[in-house]
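Subject: Structure for you to look at

Hello,

Here is the structure I said I would pass on. Please open it and keep it beside you while you read the notes below.

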Amino acid sequence: MTMVTEKDINEQIAWAKINTDVLKSMENPRPAYWVTLIVCLAMVACAAVAEYIQYTVGMGPSNLNNPHMWDMYIASFVFWIGMSHSGTLLSAILHLIHADWRKPIYRFAEAMTTFSLMTAGLFPIIHLGRVWNMYWVLPYVSDRGHWPNFRSPLVWDAFAISTYLSASMLFLFVGMIPDLAICRDNTTGWRKKLYTMLSLGWVGSDRQWRNFRKIYLLMACFLIPLAVSVHSIVSADFAMSIMPGWHVTTFPPYFVAGALYSGCAAIITLFVLLRYFFRFEEYMTLPIMEKTCKLTFAIAMVWTYLNLVEFASVWYGHDVYNKELLISKATGAYAWIFWTMIFCGSVLPFALAFRSLRRHMPTMFVVSLFLNLGMFFERWMIVAPTLSMSHEPHQWDVMYGSIVEWAIVFGSFGWFGMLFLVFVKVFPSVSMYEVKEMVFHRKRSAGEEDLARMTDHAKPATQTTGGEGA
């Protein structure tokens, strides 16, 4: 019996229909989109109230003390930095290895990177308390004639994250230019003015395409080591210390694997939401969801392996402080968080191994949320137990965070969701020209060519365009 392979996308789809579907999505989402946006705004309002209290009263309502000087905020910072990795990093890697199934979903994944970084950047500022002093981290000579301590990983953070944010935004923008030209030629009013400015005079000439391809490839090559270095540097914030549980040489690969893991889980969440909000069933298909789930499962197993390596090295090592901390994580005050992390991060991913579950969108939505819950707890378990059980017994203390801290963390998800939802409403969340390329090359590799259908993009739904060549 011959097995029929399900195709990633309908290869008979007309190019004009791709334009029409994506442009229509920006005008007429389902009502659930607006409900979600309102929920996000309410979450941001909660965080704004909490930040106002912290700003006016001081850091007392946050329960920060010695030794818990940065529990919830640094855990959230690491979580959002990690979330940012899968978007640009996976987009760049899959682009270099010519995995064309990424084309319908890479745009929103790259946007996720940008907004995750913008969310992460808020936490060091919030943690300062005196937010007006946030410029102290910048490399300038102060009035005392001192430069910032360039040997501090915190300064490395500022450089690495600002560089990664700039590069990610540029990568996202450059990749959108041909689509922005399509939008420019098919819209009116303020949208047309916006897209005209952002499309930079794109007309789809042969010279523009050649230059575009070179720049996009070079940026993809540049972003991969940059993305890896960013989370490695974040791990150095901990590994450079001598605190039990932090002075670990495997932290850089462990952090990068965890970042990819949480980012892939977030891609699954957003995949399900966008597919429903904008009726993208023809582009965000079940086979593409299956590939994304398989990739997430593989990264989950890598993360689990690195966890086991760390546990084994501590258990069979000679550092009594590290061993006590490991036992405390599993049996102490934070044990319920530890075992929830293990379940969500290492056991639940086996749901992704079943084809019937991978193809069920509500199940994948719930599973992806729990995967990221596990990854948030992972960050918490890196930070809080070590501070609760440091070398000095007088510092031993258990802390779960105050309502002010939780409100700000809760609001950060609303902030991210608000930015993301506004983006996908204003800009095309599916790359029109790359989906056309995907259809063209797959059709061509199958020995079928229909030039009339492939060139009907010159007759889009609303008006004729001269600048959308793909």
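This is a predicted model: local features need pLDDT of at least 70, side-chain atom pairs count only at pLDDT 80 or more; totals for chains, interfaces and linings use all residues.

Residues are numbered from 1 along each chain as its sequence is written, and side-chain values use heavy atoms, with hydrogens and water left out.

Salt bridges

Side chains of opposite charge can pair when their charged atoms come close. The term salt bridge is used here for a side-chain nitrogen of Lys or Arg within 4 Å of a carboxyl oxygen of Asp or Glu. Searching the whole structure gives 15 salt bridges.

One of them joins arginine 102 to glutamate 434, with 3.8 Å between the closest N and O atoms. This pair links distant parts of the chain, 332 residues apart: arginine 102 sits in the loop between α4 (85–96) and α5 (106–120), and glutamate 434 in helix α17 (residues 432–445). Helices here are DSSP runs of H or I with at least four residues, numbered from the N terminus. Both arginine 102 and glutamate 434 are buried; buried means under 20% relative accessible area, exposed over 50%, and partly exposed in between (1.4 Å probe, protein chains only). These two residues also belong to a network of salt bridges that links Arg102, Lys103, Arg213, Glu434 and Glu437.

A second pair to look at is arginine 355 and glutamate 290, whose closest N and O atoms are 3.7 Å apart.

Aspartate 185 and arginine 184 form another salt bridge, and here the closest N and O atoms are 2.9 Å apart. Aspartate 185 counts as buried because its relative accessibility is 11%. Arginine 184 is also at 11% and counts as buried.

Cysteines

How many disulfides does the structure hold? The number is zero, where a disulfide is a pair of cysteine sulfur atoms within 2.5 Å. For cysteine 293, the nearest cysteine sulfur belongs to cysteine 264 and is 9.8 Å away. Cysteine 293 is buried, at 0% relative accessibility, while cysteine 221 is partly exposed, at 41%.

Regards

Key
Helices (H or I, at least four residues) and strands (E, at least two) are DSSP runs, numbered from the N terminus.
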